[in-house]
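Okay, everyone, thanks for coming. I'd like to walk you through one structure today, so let me put it on the screen.

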Amino acid sequence: MRWAALVLAAGLALVGCAERRDGPGPVTLVFKHAKILGPTDPVPGLLREFERRHPGVSVRSEPLTWTSDEQHQFYVINLDGASPTFDVLMLDVIWVPEFARAGWLLDLAPWVTREELAPHFPAAVAAATWGGGVWAMPWNMNVGLLYYRADLLRKHGLGPPRTWEELVEQAERIRAAERDARLDGILWQGKQYEGLVCNVLEHFWASGTRLLGDDGRVLPEPERAADALAFMRGLVERGVSPGWVTAADEELTRRPFGDGRAIFLRSWPYALDLFEQADSPVRGQVGIAPLPGHASGTAGAGATGGFHLGVNRRTRHRDAAVALVRFLAAESAQRALTAAGVALYPTRMALYHDPAIVRARPSMPRFHDLALAARPRPVTPAYLMLSTTVQPEFSAALVAVKTPRQALDHARRRLEYMLGGLR
Amino acid sequence: MRVRRRAADVAVLLLLAAWATPYFWQLRTSFTPDAELLATTRVLPAAPTAIHYQAVLERSVMPQALGNSLAVASLTTLVALALGLPAAYGIARLPVPGKGLLLLVVVACTAFPQIATVSPLYLLLRALGLRDTWTALVLANTSFALPLLIWLLAGFIREIPIEVEEAAFLDGAGRLRVLGRVVLPLIAPGVASAALLTFLAAWNEFLFAYTFTATEASRTVPVALALFPGVFEVPWGDIAAASILASLPPVLIVIGLHRWLVRGLVAGALKE
Amino acid sequence: MTGRQRADRRAGLAFVAPAALALAALALYPSLWVLWLSLQHRVPIFGIARFTGLDHYAFLAADPRFWNAVQVTLVFTGVSVALELALGLAAALALQRQRAGRRLALSLLLLAWALPSVVTARLFEWLYHPSAGLVNALLGRSLNWLGDPTLALPGLILADVWRTMPFVALLCYARLLTIPIEVYEAARVDGAGRLATFRSVTLPLLRSILLVALLFRTLDALRAFDLMFVLTGGGPAGTTETLTVYAYRSLFQTLQLGFGAALGVVIFALVMAVAAGYLRALRREGLAA
């Protein structure tokens with residue numbers, strides 16, 4: 001088996017040679033990012049603006065594949081021990097601690113002060129500053145929230161629900177009165193994927209519990225967590241949610257609500273623009289509210305999400321790459337993104353009250369309050385492992401293959417074992 | 001009697017055609033405009049269209065993936081043949097020390113589950129810096145293609161009467177010359193079958209390709225098809241067109257070269 | 001003479017060595033390495049490589065997800081292989097009597113087998129579509145084949161049977177062609193009916209090839225991955241999660257290479273045990289026939 005060791009050593013030596021430093025002459029930065037959805041793509045314009053301000057630096061933008069799993073695999077393969085093929089990367093907020101621990105992200109602390117981060121939402125900053133460094137700049141913000149049919153609620157003399165119990169009652173009352181078999185109560189995302197974890201976490205929080213305790217304990221209050229899962233399953237069993245929500249993602253739930261076939265929808269801010277489009281059947285009739293709490297628990301809170309910008313630690317152009325990240329996260333660039341009407345929202349809080357922006361998007365101040373009250377998913381390098389471990393268990397509880405208690409016991413046993421292995 | 005015979009033949013053909021329906025249905029879907037996708041009662045689309053093929057060929061990674069697959073499958077076949085042919089001859093004809101053990105290893109290798117070897121191979125390719133390259137896939141594919149190829153070729157070589165080779169030796173030819181000039185022409189059909197099977201297996205391979213590739217630089221057809229993007233809705237028509245393109249080489253092989261294919265398949269199973 | 005023998009020995013080594021080295025490096029070495037990996041906590045991106053002994057196996061022994069995967073794997077393998085053998089045998093018998101259009105018949109038969117399994121997954125995903133799928137259109141129902149925990153595994157098995165029945169059919173057909181026509185004529189002279197001929201002549205002659213097909217198909221079904229990974233991803237709620245899918249998710253979704261390797265080793269052992277068992281049966285058969 002010695003030959004294999006030799007081959008390995010030779011391979012490692014080859015890989016080790018790849019690193020080089022900044023040289024003189026023109027610099028080309030490669031920026032890896034997913035396409036920003038919206039009526040127009042403002043990114044190319046921003047990059048040209050950056051080039052104008054930094055003579056001698058040009059930026060090439062390389063598209064990232066669409067799904068989150070693929071993006072993650074792309075990064076793992078291309079950042080893990082490989083020579084740098086890109087300098088600046090857009091990454092999902094839940095990956096920041098993982099990439100930081102793996103040593104793939106440049107610590108921006110020498111360039112970026114805490115004051116520079118202060119104008120961003122605290123939930124976004126928390127992920128960016130895991131473990132004391134500054135691993136990324138917040139770029140886009142996302143938050144889970146409740147959409148409701150304002151016209152239907154008004155018609156029946158109701159206001160947006162404060163608790164899930166109230167929501168169920170309202171949904172049943174309205175459906176009984178409307179006598180429309182095609183009108184569903186509440187739609188949410190129950191398919192076995194990351195979105196399900198967001199939905200379940202929100203019910204955990206509303207029930208006053210969480211997935212990871214402060215001391216790192218897994219599922220510290222299993223009773224409350226089981227109640228939360230049982231409540232979600234109950235939504236389907238009572239018929240408040242259709243059975244297919246257990247296989248639904250964002251778009252599968254957004255469409256029926258947008259067609260006027262549901263009273264409530266749990267989703268993200270991007271959907272509002274689509275509901276307000278000229279040909280939308282629910283235009284002008286959609287209200288937004290914080291996610292409800294549980295009668296026995298606390299007030300509700302949405303899960304935050306979004307994208308950050310990081311610098312590849314092995315970049316040959318540190319200063320230029322850091323400059324690009326700071327430029328894109330700065331107020332002027334985020335304002336330009338927001339003004340272009342993209343589906344993702346800024347991380348800078350002040351923009352939500354900016355008169356010019358609010359004029360075009362009157363709901364911005366509401367989104368600000370929602371995002372400020374929202375909570376991040378567990379900020380840990382093991383997040384992906386955490387999430388993919390609980391997904392099948394949560395899913396099993398929702399389709400009643402397991403009881404909530406069983407599902408949580410199984411999830412906890414596995415998580416404790418896997419987290420132990422990461423220590 | 002003859003009429004009944006005919007009717008039976010036709011019935012069998014119809015049943016087999018029915019078995020192939022899933023493929024034909026995908027073929028139909030690939031020419032069906034999106035607006036008609038829900039109309040399952042029509043056998044053929046009312047307004048056939050090529051837009052799905054256009055979309056796949058012009059705006060997806062499929063063309064590049066087809067190129068990658070073609071290269072990876074061809075290179076795998078070549079590498080496996082270059083390694084496997086001499087080995088098969090050695091096993092069939094020459095007094096190699098430890099031959100019994102080698103044969104056992106070859107047979108055992110055909111049964112190795114890819115899922116068990118994928119993680120060590122991943123670490124190996126990672127250490128060599130080969131992830132996301134054709135080389136990685138050719139090496140990985142060789143690990144399952146080579147044992148089968150050796151097994152098949154050794155069987156074909158054993159079928160040749162040894163006297164043919166003896167005659168060549170009397171003329172003073174060396175082993176390599178005998179293999180190239182005498183044996184190879186005699187087992188050419190067998191080599192063709194084995195090469196076809198290897199090519200097919202490499203073309204269809206998914207697990208290694210999915211694990212070791214990350215970009216369109218090396219992504220093969222099955223991976224591209226498995227990851228076929230749907231931004232807001234699943235583009236069923238485009239996926240159908242992509243599936244048809246992905247199955248083009250296998251289908252051509254089945255239609256045009258199935259005699260060789262059958263020979264290899266049957267040989268693999270019967271030479272127990 | 002000894003000179004020639006020595007030359008042959010040298011030539012033999014030279015001929016076999018490259019392939020032997022390649023197999024050693026690409027198949028044998030990984031298969032030993034995976035054993036070693038399975039005894040570690042190994043998370044390469046975090047630089048974790050820690051020996052843990054048999055911890056992973058101990059965890060698996062009490063892991064409900066593992067036992068569920070074992071059950072799914074065994075049901076998938078048992079049912080699909082049984083159906084493939086039965087249908088494949090029937091198809092071979094039908095083909096045996098075929099006079100006209102044999103080439104076309106073989107092409108139609110082999111089509112399903114030759115397609116990449118990812119294509120098969122995409123084909124059936126579309127056939128099973130709740131509202132636009134052909135299956136529901138023919139049944140006149142709107143079943144959620146891949147989303148319903150009770151229908152997903154049958155749906156998956158059907159796709160696998162579709163794909164691999166032709167392989168069994170082809171093997172049986174090839175064996176049937178080697179049966180001399182005189183055997184049948186002798187049976188007819190003896191006054192045996194069709195069923196009796198099948199039972200006393202055809203089936204015994206097919207015995208060994210059916211065993212071979214059984215071996216190949218069982219091994220492949222135990223190792224199957226592509227079809228379920230793409231068609232159902234192991235869902236809904238783990239009802240189609242085989243050992244291979246569970247192993248892959250552990251390996252590359254959670255990047256637990258050590259833990260995933262332990263699952264790989266279990267599959268490895270299962271496959272080897274089945275192969276050894278069948279080979280023993282085949283050898284007995286070979287001596288008897």
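Let's start in chain C, with C:Arg122, which is buried at a relative accessible area of 7%. Its partner is C:Glu125, and the two side chains meet in a salt bridge, 2.8 Å from N to O. C:Glu125 counts as buried too, because its relative accessibility is 18% and the cut-off for buried is under 20%. Both residues sit in helix α5 of chain C, residues 117-127, and they're 3 residues apart, about one turn of the helix. Keep in mind, by the way, that this is a predicted model.

Now, a pair in chain A. A:Arg53 makes a salt bridge with A:Glu49, with the closest N and O atoms 2.9 Å apart. These two are 4 residues apart in helix α2, residues 43-53 of chain A, so about one helical turn separates them.

B:Arg131 and A:Asp80 meet through their side chains in a salt bridge, 3.5 Å from N to O. B:Arg131 is in the loop between α6 and α7 of chain B, while A:Asp80 is in the loop between α3 and β3 of chain A. Both B:Arg131 and A:Asp80 are buried.

How many salt bridges are there over all chains? The search of the whole structure gives 37. There's also a network of them linking C:Glu84, C:Asp160, C:Arg217, C:Asp220 and C:Arg223.

Okay, on to chains B and C. Together they bury about 8000 Å², and 79% of that is on carbon and sulfur atoms. On the chain B side, B:Trp19, B:Ile115 and B:Trp236 lose the most area to chain C, together 9% of what that side buries. The contact takes 90 residues from each of chain B and chain C. Across that interface the rule finds 1 salt bridge, and B:Arg175 forms a salt bridge with C:Asp8, closest N and O atoms 2.8 Å apart. You also get 16 residue pairs in polar contact there. Helix α6 of chain B, residues 114-127, gives the most to the side touching chain C, with 11 residues. By class, that side of chain B has 67 nonpolar, 16 polar and 7 charged residues.

Last, the core. The largest nonpolar core has 356 residues, and those with the most contacts inside it are A:Phe31, A:Tyr75, A:Tyr147 and A:Phe204. Helix α7 of chain C, residues 152-177, gives the most to this core, with 16 residues.

Notes
Residues are numbered from 1 along each chain as its sequence is written. Chains are lettered from A and ligands numbered from 1 in the order in which they are written. This is a predicted model: local features need pLDDT of at least 70, side-chain atom pairs count only at pLDDT 80 or more; totals for chains, interfaces and linings use all residues. Side-chain values use heavy atoms; hydrogens and water are left out. A nonpolar core is a set of buried Ala, Val, Leu, Ile, Met, Phe, Trp, Tyr and Cys residues joined through side-chain atoms within 4.5 Å. Buried means under 20% relative accessible area, exposed over 50%, partly exposed in between (1.4 Å probe, protein chains only). Contact means heavy atoms within 4.5 Å. Buried area is the accessible area (1.4 Å probe) that two parts lose on being put together, summed over both. A salt bridge is a side-chain nitrogen of Lys or Arg within 4 Å of a carboxyl oxygen of Asp or Glu. A polar contact is a pair of N or O atoms within 3.5 Å; within protein, one must be able to donate a hydrogen and the other to accept it, and residues adjacent in sequence count only if both atoms are side-chain atoms. Ala, Val, Leu, Ile, Met, Phe, Trp, Tyr, Cys and Pro count as nonpolar, Asp, Glu, Lys and Arg as charged, and the others, Gly among them, as polar.
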